[in-house]
Amino acid sequence: MTERELRKLKRHDVLQLLLVQVQEAEQLRQQLEHTGEQLKAERELTERLKTKLNSKDAQIHKLKGRLDKKDLQIREQRATLEKLRQDRRIRMERSGSIAEAALQLSGIFEAAQSAADLYLENIRQRSEEMEARLRKRKTVEEPSIEEPKKVAVMSPEALEDISKEEIAEKVPEKAPQEIAEEVPERVPKEGEP
């Protein structure tokens, strides 16, 4: 409304206009207070949310650090696992070659064992031969005076009938039993092999 229109109005109309204006102002003031209260409540809510959000951010940061540590541990464990797998593969590959080597070595050991057995058998035989020669030399070097005479007096036919046991009885006590075993069962006659 213009100023001219306002002057044309009656007093009553102007008061009514003022009353309407006051009521509108009151309504606006109440809306403003209500909006102010809502704003205050929204600010409080925003502050609470900010606080919660900050605490959540701190938790997320903490969890992220733990997650990073776990990721590092997982990588280390995977590396260890891969190393163990490779070691096992190597052991499995070697086990085949070790088994083959063991089979080859067992052949070598068998050959070495048989060579050692043969060597020991030869040494035993040579030792027995040497002992027999020594015994013969002793009996030849130290004959009993009575026994050779008895044997010399016997005829070859009589010697044929004498057994090993009888000869062993007539041989001096110093001679071992092996000498008696070396004497043949029968003495061959002249011309017999």
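**Salt bridges and confidence in a predicted model**

Colleague: How far apart are E33 and R29 in helix α2?

Modeller: E33 and R29 are four residues apart in helix α2, so about one helical turn separates them. Bear in mind that this is a predicted model.

Colleague: What do the side chains of E33 and R29 do?

Modeller: They meet in a salt bridge, with 2.5 Å from N to O.

Colleague: Is E33 buried, partly exposed or exposed? And R29?

Modeller: E33 is partly exposed, because its relative accessibility is 43%. R29 has a relative accessible area of 37%, so R29 is partly exposed.

Colleague: How many salt bridges does the structure hold?

Modeller: Six. One of them joins R124 and E128, at 2.7 Å from N to O. These two residues also lie in helix α2, four residues apart, or about one turn of the helix.

Colleague: How accessible are R124 and E128?

Modeller: R124 is at 39% relative accessibility, so R124 counts as partly exposed. E128 has a relative accessible area of 42%, which means E128 is partly exposed.

Colleague: What about E131 and R135?

Modeller: Their side chains meet in a salt bridge at 3.2 Å, N to O. E131 and R135 lie in helix α2, four residues apart, about one turn of the helix.

Colleague: Are E131 and R135 buried or partly exposed?

Modeller: E131 is partly exposed, with a relative accessible area of 39%. R135 is at 17% relative accessibility, so R135 counts as buried; the cut-off for buried is under 20%.

Colleague: What share of the residues is buried?

Modeller: Of the 193 residues in the protein, 4% are buried. The accessible surface comes to about 18,100 Å², and carbon and sulfur atoms account for 56% of that.

Colleague: Which residues form a nonpolar patch on the surface?

Modeller: L105, I108 and F109, with about 320 Å² of accessible area together. I108 lies in helix α2.

Colleague: And the contacts? What share comes from residues 24 or more positions apart?

Modeller: Taking contacts with a separation of 6 or more, 45% are between residues 24 or more positions apart.

Colleague: What is the average pLDDT of the protein?

Modeller: The average is 77, and 69% of the residues score at least 70.

Colleague: Which elements have the highest and lowest mean pLDDT?

Modeller: Helix α2 has the highest, at 88, and helix α3, residues 146–153, has the lowest, at 48.

Colleague: What does the model show over residues 145–152?

Modeller: The pLDDT stays under 50 there, and the model has four contacts beyond four places in sequence for that stretch. Residues 182–188 are also below 50, and that stretch has twelve contacts in the model beyond near neighbours in sequence.

Note on methods:
Residues numbered from 1 in each chain as written. Predicted model: local features only at pLDDT ≥ 70, side-chain atom pairs only at ≥ 80, totals over all residues. Heavy atoms only, no water. Patch = residues over 30% accessible without salt bridge, like charges linked within 9 Å, V, L, I, M, F, W, Y side chains within 5 Å. Areas by Shrake-Rupley, 256 points an atom, 1.4 Å probe, with all protein chains shown as cover. Salt bridge = Lys/Arg side-chain N within 4 Å of Asp/Glu carboxyl O. pLDDT = per-residue confidence, 0-100. Contact = heavy atoms within 4.5 Å. Buried < 20%, exposed > 50% of the residue type's maximum accessible area, 1.4 Å probe, protein only.
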